Amino acid sequence: MTNPHATVLVVDDEVRSIEAIQRVLSDEFEVIGARNAREAEEVLKGELVQVILCDQRMPGESGVEFLKRVRELWPDTIRIIISGYTDSTDIIEGVNNAGIFQYITKPWSPDKLIDCVRESANLWRLQHEAAGVRVEMKPVSEAQQKVISDRRRNQGQSFGFDRIIHRSDSPLIGAITLAKRAARYDVSVLITGASGTGKELLARAIHQESARAEKPFVVENCGALPDDLLESELFGCKKGAYTGAYQDRIGLFELADSGTIFLDEIGETSPAFQVKLLRVLQEGEIRPLGAQRPRKVNVRVISATNRDLLAEVAAGRFRRDLYYRLAAFPIHMPALRDRIGDIPAIAARMLTHINQSFNRQVSGFHPRTLDLMIAYGWPGNVRELHNEIQRMTVLSDGNAPLVPDLLSPAIRNGEPPIPDAGTSGPRQLKDIVAAIEKAAIETSLARHGGNISRTADELGLSRVGLRSKIERYDLRRYGDDETD
């Protein structure tokens with residue numbers, strides 16, 4: 001759980017004390033020195049600092065007084081007092097008013113100092129991994145760390161390869177076989193396929209079967225945010241770096257340190273942002289917005305897209321060098337219509353989960369219902385299938401099997417979800433994928449009367465991402481109804 005890239009700020013009016021601590025900690029941490037509270041504040045304004053080691057008795061402002069202000073301005077920073085005095089009043093004031101995590105007395109032991117800073121760095125990391133954990137929590141024991149590790153392991157069991165439902169002759173076998181190979185090695189993986197095919201589920205399985213399984217798995221939808229917010233989200237920012245940056249923000253790359261980050265809809269990023277992402281992949285370091293220096297990160301990147309990125313490269317919309325960084329190991333997820341034999345098993349698993357969520361006991365599917373579901377093209381893929389079964393369960397009465405009358409009209413009447421791809425001659429894969437995506441969006445918008453929020457929720461998109469796709473596919477006749 002240690003964080004070898006944590007930054008430690010040492011505040012002491014004696015230069016030799018700063019140098020001594022730097023010698024002890026520099027092999028494992030980045031150490032910055034400051035000789036007074038004013039210098040320390042300047043550092044905090046320009047750097048993301050995880051741990052502060054502060055002398056108690058300094059000219060002017062005392063350590064407790066300074067750390068009390070730090071608690072208000074940079075509350076996530078772990079605060080430690082070092083003092084040659086053991087005045088109980090100072091200790092009590094430090095704990096009560098400044099949220100001091102540890103109180104170390106001089107002369108300190110190098111081993112104990114390292115252990116204390118390690119524990120502090122672990123605490124800082126934990127409070128950013130789990131919502132609601134604050135600086136004032138008690139020290140994290142080995143037993144607590146084991147509980148957290150076990151919890152991650154148990155959660156991960158829900159995302160292994162055995163959780164991806166398929167038959168022994170399914171076209172999905174090829175993708176799973178490749179993914180299992182990739183999981184063993186620390187290579188970047190690019191997962192392609194239409195929206196809703198299960199790209200994130202495959203990414204989670206790769207992470208779960210890798211050596212990083214007990215480390216964080218962090219997800220970001222790159223099509224959901226404009227460049228400036230996406231940069232802040234991924235790389236972090238300092239307080240005041242831009243309008244609305246009211247506090248230091250840890251980036252997702254840093255949260256994923258030692259683990260895996262999944263960048264969904266990577267094909268939606270702009271060329272300007274692609275340059276910044278390329279530097280992260282090449283150098284293994286990030287620079288938070290407003291920070292003075294970069295920070296090292298050790299992260300495995302798995303990305304996904306429903307676009308033909310090589311076509312985007314040829315068109316000049318996606319950087320060739322970034323593509324080859326991301327696509328060291330490409331894997332394609334087939335559409336649900338290409339593996340119709342998997343539909344009965346997938347539907348059965350989904351119904352089991354929906355029964356649990358809705359406290360129902362629907363017994364299964366009428367045979368004719370399954371026949372109609374298998375015959376349908378599912379432009380929204382597995383996500384659309386899940387939504388359809390959920391809808392049928394809500395509409396059903398009692399625990400009897402789901403009958404054909406509960407199906408949506410397009411599925412019940414056997415209407416093709418998209419125009420026949422063969423009617424206008426051969427088409428490239430990207431055109432077919434675009435047609436499927438457009439049809440799925442158009443169908444969902446019509447189903448929800450043009451309501452952006454409900455359509456975005458159903459398709460797993462953000463409102464911003466959905467609006468951009470509406471513009472791209474010239475579906476502006478929809479989306480005017482904003483009522484919820």
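**Close-up views of a predicted model**

**View 1. The second largest cavity and its lining.** Val10, Val11, Asp12, Ser17, Ile21, Leu53, Cys54, Asp55, Ile82 and Lys106 line the second largest cavity. Strand S1 (7-11), helix H1 (15-25) and strand S3 (51-55) are the elements that each give two or more residues to this lining, and the largest share, 3 residues, comes from S3. Helices (H or I, at least four residues) and strands (E, at least two) are DSSP runs, numbered from the N terminus. The volume of this cavity is about 40 Å³, and the structure holds 2 cavities of 30 Å³ or more.

Residues are numbered from 1 along each chain as its sequence is written, and side-chain values use heavy atoms, with hydrogens and water left out.

**View 2. The largest pocket.** About 890 Å³ of space lies in this pocket. Of its 34 lining residues, Gly196, Gly198, Leu201, Val382 and Arg383 are the closest to the centre. Helix H8 (199-208), helix H14 (343-358) and helix H16 (381-395) each give two or more residues to the lining, with the largest share, 7 residues, coming from H14. The lining divides into 12 nonpolar, 13 polar and 9 charged residues. On a 1 Å grid over the protein atoms alone, a cavity is a set of points where a 1.4 Å probe fits but cannot get out, whereas a pocket is an open set with protein on both sides within 12 Å along at least five of seven lines; lining residues have an atom within 4 Å of a point. Points are joined across faces, edges and corners, and a volume is the space filled by probe spheres set on them.

**View 3. Helix H1 and its two sides.** Look for Ser17, Ile18, Ala20, Ile21 and Leu25, the buried residues of H1. Seen down the helix axis, these residues fall within an arc of 160°, so they line one face of H1. On the other side, Arg16 and Arg23 are exposed. Buried means under 20% relative accessible area, exposed over 50%, and partly exposed in between (1.4 Å probe, protein chains only). The arc is that of the directions from the helix axis to the C-beta atoms.

**View 4. Alanine 34 in strand S2.** Alanine 34 lies in strand S2 (residues 30-34) and is buried, with a relative accessible area of 0%. Beyond its neighbours within four places in sequence, alanine 34 is in contact (heavy atoms within 4.5 Å) with Leu9, Val10, Val11, Asp12, Ile18, Glu39 and Ala40.

**View 5. Helix H20 and the residue after it.** Gly465, Leu466, Lys469 and Ile470 are the buried residues of helix H20 (residues 463-472). They cover an arc of only 140° around the axis, which puts them on the same side of H20. Aspartate 474 follows H20 and has a positive phi, near 55°.

Definitions and conventions. Predicted model: local features only at pLDDT ≥ 70, side-chain atom pairs only at ≥ 80, totals over all residues. Nonpolar A, V, L, I, M, F, W, Y, C, P; charged D, E, K, R; others polar.
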